[in-house]
Amino acid sequence: MSAEHFDDGLLDDEVELARADTALRELAEAGARVRREAEAAKGVEDSLRGTGRPRAVVAVGADARLLRAVLEPWCPVPFVAWPGPGLPGWVGALDLVVVLAPRGGDETASAVRDAVRRGTTVILACPGESALAEAGQGRDTTLIPAQTGDPLALAVVVLQLLHVVELGPEVSAESVASALDEVASRCSPHADLAANPAKDLALVLADALPLIWGGSVLAARAARRVVETLRRASNRPALAADADHLMPVLEGAEPRDLFADPFSDPFAEGGTAALRPALFVLDDGAEQPSIREARGRLLAAAESRGLHVRTLRWNEGPEVARYAALQSLGTYAAVYLAVGLGRYSPPT
């Protein structure tokens, strides 16, 4: 696959950045959305206190897998992230169903209807005035009134409430919001290329087929969310996977030509440049021996082929805050990649 021309001058061009204002503003307001969801859910916490321990927890909807990544090592009862439609056949009155529907869409409607019909305890996170909220009404349903349509913000609040019923670790919405604010500050469009980690990352992404790896469960989850945004931003392949699945791609890459002129312009006179794999490591501070071993193998393979390697590191705050920060940093880089590729520019 050939690279498109990437103009790094666009990354500090006020006119071009203004064209990406909607995407950049959405990222900048991520922390505020978490605080807004947390504020709206304050009254819910008291109603959940004293809830007995369920036989099992089933999560459905947006970011159900994030809940699984956080809860699985901690939850004292079996936990399932169910893709739907409906619910597993074994779910009944002894279980808890958690539904995340930040926009109240129909994707989770069959699961809500199944849960109410079976007399299951339900925590339903969706807009209070939606048809889904109406379908979930029942004496065993607790409604978390979604405000912003942001899956991550709503998932953070649900995690916070699941700690109240002793099903998950303590999660602080404020710590997540603060981490997102800090990323927004560092990656602001007003921060120039020399001081902006996301713009710097976009430069590496410009001529790369990104292979993204996260060692911990949450870093791996963040990697998958980042490649989704990269694919949408660039219309190029991007892969997030376990180390064993990335190794064949790294080992199969052509070695870098040691005699190639690093200052030649491949786009001169209508030329093209081939995209090469590049390894991006998401580091959230997890340092278990298995993570160090896998990271070492990946770095050695990339180095042996002369591939670009970049580490995105965020070690500050609780683990969910680190996850949110890594995801946000990668998403900022995806937006700046699109800016540099001229995706926001009017057609000429």
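Colleague: What volume does the largest cavity have?

Modeller: The largest cavity has a volume of about 60 Å³, a volume being the space filled by probe spheres set on grid points joined across faces, edges and corners. One caution first: this is a predicted model, where local features need pLDDT of at least 70 and side-chain atom pairs count only at 80 or more, while totals for chains, interfaces and linings use all residues. Residues are numbered from 1 along each chain as its sequence is written, and side-chain values use heavy atoms, with hydrogens and water left out.

Colleague: What makes a space here a cavity or a pocket?

Modeller: On a 1 Å grid over the protein atoms alone, a 1.4 Å probe fits in a cavity but cannot get out, whereas a pocket is open, with protein on both sides within 12 Å along at least five of seven lines. The structure holds 3 cavities of 30 Å³ or more.

Colleague: Which residues line the largest cavity?

Modeller: Leu201, Leu205, Ile212, Val226, Leu230, Phe280, Leu282, Leu312, Gly330 and Ala333 do, each with an atom within 4 Å of a point. At least two lining residues come from each of α10 (197-205), α11 (217-234), β10 (276-283) and α14. Helices (H or I, at least four residues) and strands (E, at least two) are DSSP runs, numbered from the N terminus.

Colleague: How do you know how nonpolar that lining is?

Modeller: By class, the lining of the largest cavity has 9 nonpolar, 1 polar and no charged residues. Ala, Val, Leu, Ile, Met, Phe, Trp, Tyr, Cys and Pro count as nonpolar, Asp, Glu, Lys and Arg as charged, and the others as polar, Gly among them.

Colleague: And what lines the second largest pocket?

Modeller: The second largest pocket holds about 740 Å³ of space. Its lining has 27 residues, of which Glu26, Leu27, Thr229, Arg232 and Thr331 are the closest to the centre. Two or more lining residues come from each of α2, α3 (30-40), α8 (151-164), α11 and α14, and α14 gives the largest share, 7 residues. Sorted by class, the lining of this pocket has 12 nonpolar, 6 polar and 9 charged residues.

Colleague: Let's stay with α14. Why are α9 and α14 called roughly parallel?

Modeller: The axes of α9 (residues 173-186) and α14 (residues 319-340) come within 8 Å and cross at roughly 25 degrees. Angles under 35 degrees count as roughly parallel, over 145 as roughly antiparallel, 65 to 115 as roughly perpendicular and the rest as oblique, so α9 and α14 are roughly parallel. The axes are lines fitted to C-alpha atoms over the stretch in contact, and angles run from 0 to 180 degrees between N-to-C directions.

Colleague: Which residues meet between α9 and α14?

Modeller: From α9, Ser175, Val176, Ala179, Leu180, Val183 and Ala184 meet Val320, Ala321, Ala324, Ala325, Ser328, Leu329 and Tyr332 of α14, contact meaning heavy atoms within 4.5 Å. This contact of α9 with α14 has 11 nonpolar, 2 polar and no charged residues.

Colleague: What makes α2 roughly antiparallel to α14?

Modeller: Helix α2 (residues 21-28) packs on α14 at an angle of about 170 degrees, with the axes 10 Å apart. That angle makes α2 roughly antiparallel to α14. Ala23, Leu24, Leu27 and Ala28 of α2 touch Ser328, Thr331, Tyr332, Val335 and Tyr336 of α14. The tally for α2 with α14 is 7 nonpolar, 2 polar and no charged residues.

Colleague: Why is α5 called oblique to α8?

Modeller: The axes of α5 and α8 come within 10 Å and cross at roughly 40 degrees, and α5 is therefore oblique to α8. Leu66, Leu67, Val70 and Leu71 of α5 meet Leu152, Ala155, Val158, Leu159 and Leu162 of α8. This contact of α5 with α8 has 9 nonpolar, no polar and no charged residues.

Colleague: How do you know that the peptide bond from glycine 84 to proline 85 is cis or trans?

Modeller: Omega is near -5 degrees, and the bond is cis. Proline 85 lies in the loop between β3 (79-82) and β4 (96-100). Aspartate 63 is also worth a look: its phi is near 65 degrees, a positive value in a residue other than glycine. Most residues other than glycine have a negative phi, and most peptide bonds are trans. You will find aspartate 63 in the loop between β2 (57-61) and α5 (64-71).
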